[in-house]
Each structure stands twice: as C-alpha cells, then as structure tokens.
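Please open the structure in a viewer and keep the selection tool at hand. The stops below move from one selection to the next and state what is found at each.

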Amino acid sequence: MKQTRSKIAFTPESQESLSMTGKPVLHYLNGRGRMESIRWLLAAAGVEFEEKLFENREEFEKLIQGGTLMYGQVPMVEMDGMNLVQTRAILRYIAAKYGLYGRNLEEQAWIDMYVEGLRDLSDMIMFLPLSLPEEKEMNHDYVLHRAMTRFFPVYEKALRDNKQHYLVGNRLSWADVQLLEVILMAEECKASVLSGFPHLQDFKVRTSQIPTINRFLQPGSQRKPPLDAESLGIAKDIFKFEQGMFLKNMSTVVAEY
Ligand SMILES: N[C@@H](CCC(=O)N[C@@H](CS)C(=O)NCC(=O)O)C(=O)O
C-alpha cells in the first residue's frame, strides 16, 4: 500500500484549466493534513477530483491574494460553483451530497458523534510530528493510550452491539470512512493498535474491500503518505506552524493522563 506524492503543479494557468473539468478541485499542499479526510470521503463516494497543490509559501500567498479563501486558510474545495472552506463544513457537504450522511436527523446525529470523536483522535495523530523532540515519545504514547482506552472502545462496542457491518443505519456512511482512515493512521503509529479490538479488525478488512475505497488504498491514488522530515519542513514553512504546538493544544489533557 505504498503511497506516492503524485501531484499537479500550482500555476495560475492550471488553476484556470482545472476548474473547467467539472470535477471538484482541492487546494492544499502536497500532504495529508486537514485535506486528507476530504480526499478519503470523495474517493469513498466514487467522486473524481483534481488537486492544486502549492509547494511553497509564495504559491500559498498567491492563492490567498486570489481572494477565494474566506479565512485565508486551506483546505479549500472548488465544487458546485462554491469555494468551500472549513474542513468540517466541506466534509458535511460532501457526505450529504453523496448519501453518506444518514437518512434522517437521528442518523446524522450519530454520524456527527462518531465523526467528531474520530476528529479529536485524528487531530492528535496529525499534530504528533509537531511535538518538541524531547516530548515526541511521551506524546506518541499518550495518543496511543487515548486511542486504545477512549476512542476505539466506542467503535468496537458500536459494531458489536449493533451487530451490523457499519456504524450507523446498516450502511456505509461518513463515520465509517473516517473510522477506517483513523484506524490506518493509528496503525502507522503502532502496528498492533487493533489487537484488542476484533470487531474493528473485521471492519478494517471489510471496508478496505469496498471497491471505491480499495482503489484509494492502491499505489498511485491521490491518497497521501505520512509526513516525512522533508515534507514536515515544507509544511512548517508554508503554514508557519510553531513547534510545540501539539503540546500547547494538548496541555490540559496531558496533565490528567
Ligand atoms: N478550522 C479550519 C482551520 C484551517 C487551518 O488551520 N488551515 C491551515 C492549514 S491546515 C492554514 O491554512 N494555515 C494558514 C493560516 O492559518 O494562516 C478548518 O478546519 O479548515
């Protein structure tokens, strides 16, 4: 399941031509970050998309100056005549549009509860590479502990108690797509993270075989690899992340761990 960094270079001209294809156009850097869940959801829904990947701060600033970023931030997705921003808003729109957001308000509420928990966990994993060197191991252990004691037991129990293959409504939803994404992220931190969760193991195997998802998991897809040192440096330059941001975000919860 090797992922590559295939990309389309950012140029003002390509910006013009790409949006003419009628496919959603994703604006981000060439890495996972906050855009990855959006890539996952579109891929799972079987929607083809284009990517405009900026490579440095200058290109990002050009995009900001273009005036399409409501908050001067990405992810931004050009779709259905809109410049969609705010990750959750984008995800919710895609989920609703492609039938992955439940059949009624109650199912939507369940999907939201699962997705928000998964977002808490995936944010922690996403920020791990920003840990201070001397705190990396502690943060890594903390996140895995949280995954195994707070988050995964919830999804394990839901699958067990519902006696269904999916988290909500006995059919694939945004919550399932997000769960598989986060399981794979957690396994990159610790390969055996699912060892105490038989239903999640089954879930992973089953959902990975859904044709649209399976294609996304194959080499050469638009799925992005985990951050390496080089791409972390690029991301820091582009977004001007502060080092130690992870710890600042997590400081209240670390104290009680
Ligand atoms: N709440 C926003 C946060 C977006 C955000 O922080 N984006 C970062 C990149 S992942 C960014 O654009 N940073 C540049 C900046 O804030 O100036 C969302 O979820 O989309």
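**Stop 1: H6 against H8**

Begin with the place where Phe152, Tyr155, Glu156, Leu159 and Arg160 of H6 meet Pro198, His199, Leu200 and Phe203 of H8. By class, this contact comprises six nonpolar residues, one polar residue and two charged residues. The model on display is a predicted one. Display the axes of H6 and of H8 (residues 198–208): they are 8 Å apart, and the packing angle is about 80 degrees. An angle from 65 to 115 degrees counts as roughly perpendicular, and H6 and H8 are therefore roughly perpendicular to each other.

**Stop 2: H6 against H5**

The crossing of H5 past H6 is left-handed.

To display the contact, select Tyr114, Gly117, Leu118, Asp120, Leu121, Met124 and Ile125 on the H5 side. On the H6 side, select Tyr142, Val143, Arg146, Ala147, Phe151, Phe152, Val154, Tyr155 and Ala158. The residues of this contact comprise 13 nonpolar, one polar and two charged.

**Stop 3: Tyr166**

Next, select Tyr166, in the loop between H6 and H7 (174–189). Which residues does Tyr166 touch, not counting those up to four places away in sequence? They are Leu159, Arg171, Leu172, Asp176, Thr207 and Ile210.

**Stop 4: the ligand**

Select the ligand and the residues that surround it: Tyr28, Arg34, Phe60, Gln73, Val74, Pro75, Gln86, Thr87 and Phe239.

- An oxygen atom of the ligand is 2.8 Å from a side-chain N or O atom of Gln73.
- A ligand nitrogen atom is 2.7 Å from a polar backbone atom of Val74.
- A ligand nitrogen atom is 2.7 Å from a side-chain N or O atom of Gln86.

**Stop 5**

Remain with Val74 and Pro75, and inspect the peptide bond joining them: it is cis, with omega at about 5 degrees. Pro75 is placed in the loop between H3 (57–65) and E3 (76–79). Continue to Asp80, in the loop between E3 and E4 (82–85). Is phi of Asp80 positive or negative? The value is positive, near 50 degrees, in a residue other than glycine. For context, most residues other than glycine have a negative phi, and most peptide bonds are trans.

Conventions:
Residues numbered from 1 in each chain as written. Predicted model: local features only at pLDDT ≥ 70, side-chain atom pairs only at ≥ 80, totals over all residues. Heavy atoms only, no water. Left-handed = near helix turned anticlockwise from the far one by under 90°. Helix = DSSP H or I, 4+ residues; strand = E, 2+ residues; numbered from the N terminus. Contact = heavy atoms within 4.5 Å. Nonpolar A, V, L, I, M, F, W, Y, C, P; charged D, E, K, R; others polar. Near = heavy atom within 4 Å. Polar contact = N/O pair within 3.5 Å; in protein donor to acceptor, adjacent residues only side chain to side chain. Axes fitted to C-alpha atoms, helices over the stretch in contact; angles between N-to-C directions. Parallel < 35°, antiparallel > 145°, perpendicular 65-115°, else oblique.
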